[in-house]
Amino acid sequence: MRDDKLLNYLHLHFIVFIWGFTAVLGALISIESIPLVWWRMLLAVILIFIYMKIMRIPLQFKGVNALPRKRILGFVGAGIVIALHWVTFFGAIKESNVSVTLAMLSTGAFFTAILEPLFTSKKFVGYEVIFGVIIIAALYYIFKVETQYVTGMILGLISAVLSATFSIINVKWAKEHPPSLISIYELASGVAFISLYFLIFPTDFVGPLVLTSYDWLWIGILASFCTAYAFIASVKVMKFLSAYTVMLTINLEPVYGIFLAFLILGDAEQMTPEFYVGAGVILAVILTNGILKNRRNRRKKKELKIHA
């Protein structure tokens with residue numbers, strides 16, 4: 001069991017590294033965030049559907065083993081959340097850059113710590129309030145020194161809240177259903193949701209002929225490797241890891257992503273020293289919170305063993 005957890009934890013790090021590259025792809029793709037996410041999700045749904053057919057994984061839409069209507073509606077809701085998360089994520093990149101967006105996204109663990117007690121039986125932890133105040137102060141500092149990126153920062157924070165919400169929702173389902181089944185329902189729901197948007201605002205749609213050859217290349221990598229594979233794999237590791245562990249590890253995405261952005265995008269990702277101070281404080285607080293929470297959980301397990 002311990003080896004399974006370690007392998008899944010390392011697998012999660014690899015997935016997070018891929019997600020860091022996702023941010024770079026978002027900067028390279030020329031179209032806006034909404035059509036970008038639509039193409040990403042549509043191609044990923046097609047790839048996952050093919051995978052399910054090859055592996056003979058049923059959709060469980062009807063028949064004896066059909067999913068309850070309430071669960072399907074839950075998947076639909078989660079799909080809309082992940083679609084909005086990606087739209088705001090890529091929107092933040094378009095409005096600012098990869099570094100700013102990923103720094104804002106790193107607050108996801110903080111939002112998980114706040115939201116998880118509201119959705120689960122977990123209780124609030126006192127010191128997290130202090131950490132929350134420090135994170136808010138660091139965000140204020142970044143907002144103050146990087147005023148040209150305020151819109152991108154706000155979109156990044158919204159994306160972080162949506163990411164935390166999605167992580168909490170999916171943890172329970174990941175223990176009950178095949179990852180590909182959850183993924184195809186959620187991603188297809190996201191496609192349907194954005195398609196409704198295009199019916200209202202058809203001018204925002206970007207057709208296949210408008211996309212450049214490089215756009216197709218980057219979107220293809222984004223949809224296959226960074227979405228179809230990473231999405232299924234991330235849901236799978238949730239069978240073995242808690243929502244907080246998942247979200248804490250995801251907070252290394254800024255480290256991986258900013259490093260890759262420097263290598264690939266160069267000077268476009270150069271920020272002021274003050275930005276790195278603020279981003280460093282946020283990451284340090286979140287990692288410290290994770291360490292303290294891990295120690296607290298170990299202490300509780302020891303106490304339960306003693307009383308048992």
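The protein exposes about 15500 Å² of accessible area, and carbon and sulfur atoms supply 69% of that surface; such areas come from the Shrake-Rupley method with a 1.4 Å probe, and for residues only the protein chains shown count as cover. This is a predicted model, in which local features need pLDDT of at least 70 and side-chain atom pairs count only at pLDDT 80 or more, while totals for chains, interfaces and linings use all residues. Residues are numbered from 1 along each chain as its sequence is written, and side-chain values use heavy atoms, with hydrogens and water left out.

**Overall architecture**

- The protein has 12 helices and 0 strands, where helices (H or I, at least four residues) and strands (E, at least two) are DSSP runs numbered from the N terminus.
- Along its principal axes, the C-alpha trace spans about 60 × 55 × 35 Å.
- Buried residues make up 50% of the 308 residues (buried means under 20% relative accessible area, exposed over 50%, partly exposed in between, with a 1.4 Å probe and protein chains only).
- Among contacts (heavy atoms within 4.5 Å) between residues at least 6 apart in sequence, 88% join residues at least 24 apart.

**Charges and the salt bridge**

- The mean positions of the 26 positive and 16 negative charges are 17 Å apart; Lys and Arg count as positive and Asp and Glu as negative, whereas His and the chain ends are not counted. Each charge is placed at NZ of Lys, CZ of Arg, CG of Asp or CD of Glu.
- The count comes to 1 salt bridge, defined as a side-chain nitrogen of Lys or Arg within 4 Å of a carboxyl oxygen of Asp or Glu.
- Arg-71 and Glu-176 form a salt bridge at 2.8 Å, N to O. The pair links distant parts of the chain, 105 residues apart: Arg-71 lies in helix α3 (residues 69-95) and Glu-176 in the loop between α7 (150-174) and α8.
- Glu-176 counts as partly exposed, at 42% relative accessibility.

**A buried glutamate**

- Glu-186, in helix α8 (residues 179-200), is buried yet has no salt bridge; Arg-71, its nearest side chain of opposite charge, is 9.0 Å away.
- Beyond its neighbours within four places in sequence, the contacts of Glu-186 include Met-41, Phe-75, Trp-173 and Phe-231.

**Positive phi angles**

- Arg-56, in the loop between α2 (33-55) and α3, has a phi near 55 degrees, a positive value in a residue other than glycine. Arg-56 is exposed, with a relative accessible area of 76%.
- Gln-60, in the loop between α2 and α3, has a positive phi of about 55 degrees although it is not a glycine.
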